[in-house]
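Dear colleague,

Please find below the structure that I am handing over to you. A short account of the findings comes after it.

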Amino acid sequence: MKQREEFVERNPKFFDGNIKKITKSNRFFRQVIYTGPHSQLVLMSLTPGEEIGEEVHPKTDQLLVIVDGEGEAVLDGKSQPADEHNVIFVSAGTRHNVKNTGRKELKLFTIYSPPAHAPGVVHKTREEAISEEAA
């Protein structure tokens, strides 16, 4: 079932909010909170041991910002820390993955340009995301 967090105010022309607070409060694997004509803001929460899953966006740049937790980013096979305050810029066409290596949830937000998901989509779990993307 898709849900939206009630504390995220929607406006069709802009997003304005405390991104750190909103990201830390997110309980879902993926939650699209704003989609503009050229980019998209998405919250993510990975449980300990969970990963986004290796992927490539052929025509989409992605900026990932780690807000809380400990993780690892793998970019074209090369691993690097992905901990609180780290920023990872993934150019279009780069194979990438983010893994939670810590003992608590890894909280992050990501910006896709252009948008990569349907506006307003929420996937409570990674399994739900995989299932929906396969359909």
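The notes below cover the conventions, the sheet, a hairpin and one histidine.

This is a predicted model, in which local features need pLDDT of at least 70 and side-chain atom pairs count only at pLDDT 80 or more, while totals for chains, interfaces and linings use all residues. Residues are numbered from 1 along each chain as its sequence is written, and side-chain values use heavy atoms, with hydrogens and water left out.

Helices (H or I, at least four residues) and strands (E, at least two) are DSSP runs, numbered from the N terminus; two strands pair if DSSP finds at least two bridges between them.

An open sheet is formed by six strands in the order β6-β3-β8-β2-β1-β9, with antiparallel pairing. Its edges are β6 (87-90) and β9; each has a single partner strand, so one side of each is left without a neighbour in the sheet. Within this sheet, β2 (residues 40-46) and β8 (residues 106-113) run antiparallel and are joined by seven bridges; Ser45 has Lys107 in β8 as its bridge partner.

Strands β4 (residues 71-75) and β5 (residues 78-81) are antiparallel and share four bridges, with Ala73 opposite Gln80. They form a hairpin with two residues between them, where Asp76 in the turn has a positive phi of about 45°.

His123 belongs to β9 (residues 122-123). Leaving aside neighbours within four places in sequence, the contacts of His123 (heavy atoms within 4.5 Å) include Phe28, Arg30 and Glu132.

Kind regards
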